[in-house]
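Please open the structure in your viewer and keep the selection panel at hand. The stops below say what to select next and what is there.

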Amino acid sequence: MMPTNLITIGASGARAARASIELTAQNIANAANPDYARRRLNTGELVGSAVIDFQHSSAFSGTRIGGVQRADSELFQLRVRDSGSDVARATGELTGLKAAETAIEQSQVYEKLVAFEASLTRLESDPTDRALRTATLESARQLAQTFRFADTTLEDTRASLAGELGARVTDVNVAAQELAKINGELVSAREGSGGRAALLDARDAALRDLSDEIGINVQLDEFGTARVTLDGTPALTLVDGTLASTFSAQVNPDNSVTLAVDGVTGTANTGAMAGRISALGRISALQDELDDIATSAITRANTAQAAGAALDGSAGQPLFSGSDAGSIALTMSDGAGLALAPAGSPAGSRDTGNLGNLIAALGADDGPIAATDRALVSLSSRIAGLDTTREGLVIINESAQADLLAATSVDLDSEAANLVRLQKAFEANSRVIQVANDIFDTILGLR
Amino acid sequence: MSSISNSTGAFFERSLGQMTGLRKSVEKLQTQIATGERIARGSDDPIGASRLRALARIEAQGRTEAENAQALGQDLAAASKQIEGVVGLLQRVRELAVAAGSDTIGQDGREAIAVEMEQLGEELFARANSQSLTGSSLFSGTLSGAAYSRDALGNVTYQGNGQSGAVPVAPATEIERGLPGPQVFEFDLSGSPSSAFAVISGLAAALRGGVPDPAAAARDAIGGIDMALDTVNRSQTVIGTRLAWVESIQVDQQDRAVNGARQRSDIADTDIADTVVRLQQAMTALEATQASFARVSSLSLFNAI
């Protein structure tokens with residue numbers, strides 16, 4: 001055993017300790033980086049052995065610096081991705097529906113219908129009063145405007161949702177291409193290198209981003225490359241190795257959405273994309289409901305008008321023109337035209353028989369007022385339900401994220417402890433070199 | 001090195017989540033107190049919001065019905081006042097008829113009575129054609145225009161119809177607006193239709209010498225006048241009853257409005273005491289979390305190196 005060996009051992013230990021300190025510093029520097037998984041340096045014992053003249057001889061040679069080991073947890077990554085997709089889906093649908101709820105509630109369709117009904121009831125006390133008739137006509141005009149306003153805001157909500165859907169398609173494609181590029185680099189990255197650990201960080205971050213947008217299933221191979229299929233039927237492959245397919249989402253005229261990967265159509269079960277598609281369908285149904293309500297108001301008012309006599313005794317003319325919420329308009333210009341008396345009544349009749357029919361038709365259980373309330377209740381209930389579901393999903397997602405962070409992220413306290421430990425190790429190795437030096441001096445000093 | 005550690009990131013993430021949640025609930029409670037409304041949008045409480053809409057509709061209906069009841073009350077009061085005038089007028093006619101029926105009164109006296117009676121006939125005609133505050137005839141049924149017209153010969157004819165029209169003043173309650181003229185001024189006199197107008201103008205004509213024995217004619221006319229008085233009194237009872245009905249309905253309407261407001265408050269208003277306590281609770285929790293976060297996050301081994 002030569003003292004020179006001792007120096008080599010001390011030097012290798014000092015080198016390993018210094019490399020570990022460097023990695024610890026790297027961990028500390030990235031403590032606030034959410035995509036960063038903490039690293040550790042693998043070290044191994046180095047023993048030189050040789051066979052000389054049938055005599056086995058081995059020589060201790062210190063320690064060997066192995067590869068960079070990256071903390072990882074496939075299970076937690078999967079849980080974070082899946083619960084993230086669920087949260088994004090609920091959030092996407094909720095955002096769209098809340099906008100629709102605001103559009104309907106702010107336009108005050110229900111309030112204007114009730115105001116119109118009330119002004120008609122007021123006419124019962126004095127059906128020939130011109131002022132009351134004019135007030136009723138103005139109330140009808142406001143109602144028509146309100147329907148058109150609600151229709152416009154609802155259409156704006158739908159259009160912006162459809163626009164966002166289109167914009168997010170680009171995000172999905174960019175993330176898919178990014179992932180394909182990372183896959184390509186992973187294949188050529190050396191096992192245990194710092195570069196490979198950084199690529200794996202980037203891969204997991206890209207997968208999480210992608211899963212927020214659209215639900216995915218991920219298969220990892222021995223190089224760590226990810227094969228991504230969409231969570232839907234059929235399971236379309238978005239990224240395979242270095243090949244990223246083109247994702248597309250087409251909003252159809254009936255507001256359904258056709259999802260396709262490289263032209264093959266499929267579905268999306270989770271992710272913000274699925275939430276937006278669901279909200280788009282719901283808003284479209286809501287537009288139909290609003291149209292039905294407006295049509296019902298138009299038809300009922302005009303039917304009642306046709307069955308009555310105006311103030312001058314002439315047959316009642318239509319009150320509203322148009323056929324749905326977008327086209328409803330007041331066509332009567334003079335309150336005297338309101339046909340409050342039954343058909344055949346003389347001019348100036350104070351008979352309110354027909355007015356009673358009109359009020360009853362508007363307020364009926366299958367009339368526009370009740371239908372508006374039903375539409376609002378069903379929309380609000382859906383939103384309230386979604387909100388509750390979302391809260392639950394957020395808790396699941398948060399706990400999954402906490403688990404993932406606990407498993408892979410940097411713990412400053414343990415890094416501080418490592419720092420002290422490695423510093424001591426470095427100092428100890430320096431001591432070993434010094435001891436070797438002393439031994440050398442002692443040997444050389446023999447005479 | 002174990003694969004599980006208490007990572008610094010997880011600690012900050014967890015603390016952030018807790019504080020965000022607490023701050024959200026503090027903000028929501030604060031908004032509820034500031035606006036006084038528990039339901040800011042339909043999805044906060046879908047059923048409550050629907051009940052609020054139903055209540056708003058009932059309240060709008062109630063306000064309209066209250067206005068209708070007030071207008072109806074005015075119409076009925078106007079009709080009642082006119083009928084009261086007619087009663088006084090007919091009583092005066094009866095006194096005059098009794099006086100004219102005395103054989104001791106001379107032709108001059110009867111002439112004077114006839115003049116007064118003709119004036120009373122005019123007043124009766126005017127009262128029968130009187131209008132409501134909004135300008136519609138009180139006794140013409142559901143038709144517009146004057147209730148009675150008079151031809152060159154002085155014959156008075158009804159121009160309205162037999163309907164009086166009803167005004168809704170409460171759910172499922174409609175009160176008729178007034179009485180058509182015939183129910184107030186016309187009656188059957190020994191089998192043939194007659195009216196207060198006919199009785200008065202007939203008597204005045206008789207007193208002016210239209211018949212051989214005016215005194216007897218005046219005595220005979222008293223039966224007709226009594227009949228007219230009976231008819232008018234009956235209609236005044238009807239109107240008076242309706243007026244009382246409207247008044248009791250108005251009291252009901254006020255009760256219903258108060259009741260509606262209370263229900264609305266129960267559903268929509270913030271329970272201030274409850275909310276303030278909850279706010280205080282959430283604030284305490286938030287402050288405690290912030291303080292402990294500051295303490296715990298400053299605990300780092302790096303301070304010891």
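This is a predicted model: local features need pLDDT of at least 70, side-chain atom pairs count only at pLDDT 80 or more; totals for chains, interfaces and linings use all residues.

**First stop: a helix of chain B**

Staying on H1(B), colour its buried residues, which are B:Thr8, B:Gly9, B:Ala10, B:Phe11, B:Leu29 and B:Gln32. Which helices do these buried residues pack against? Show helix H8 (368-408) and helix H9 (412-444) of chain A, and then helix H7 (272-297) of chain B, and you will have the packing partners in view. After H1(B) comes B:Gly36, a residue with a positive phi, near 75°.

**Second stop: where the two chains touch**

Now select the contact between the chains, to which chain B gives 42 residues and chain A gives 48 residues. On the side of chain B that touches chain A, the elements giving two or more residues are H1, helix H2 (46-101) and strand E3 (166-170) of chain B, and the largest share, 13 residues, comes from H2(B). If you colour this side of chain B by residue class, you will find 15 nonpolar, 21 polar and six charged residues.

Move on to strand E5 (residues 186-189) and strand E6 (residues 192-195) of chain B, which run antiparallel and are joined by four bridges. To see one pairing, select B:Phe187 together with B:Ser194, its bridge partner in E6(B). The two strands form a hairpin with two residues between them, and in the turn B:Ser190 has a positive phi of about 40°.

**Last stop: a sheet in chain A**

Finally, select strands E7, E8 and E9 of chain A, an open sheet of three strands in the order E7-E8-E9 with antiparallel pairing. Its edge strands are E7 (247-251) and E9 (264-266) of chain A, each of which pairs on one side only, and from one strand to the next the twist averages 35°. Strands of a sheet pair through backbone hydrogen bonds, either parallel or antiparallel. Strand E8 (residues 257-261) of chain A pairs with E9(A) over three bridges, and A:Val261 has A:Val264 in E9(A) as its bridge partner.

Key
Residues are numbered from 1 along each chain as its sequence is written. Chains are lettered from A and ligands numbered from 1 in the order in which they are written. Two strands pair if DSSP finds at least two bridges between them. Axes are lines fitted to C-alpha atoms, for helices over the stretch in contact, and angles run from 0 to 180 degrees between N-to-C directions. A residue is buried if 20 or more other C-beta atoms lie within 10 Å of its own, exposed if 12 or fewer, and partly exposed in between; C-beta atoms are placed from the backbone. Two residues are in contact if their C-beta atoms, placed from the backbone, lie within 7 Å. Ala, Val, Leu, Ile, Met, Phe, Trp, Tyr, Cys and Pro count as nonpolar, Asp, Glu, Lys and Arg as charged, and the others, Gly among them, as polar.
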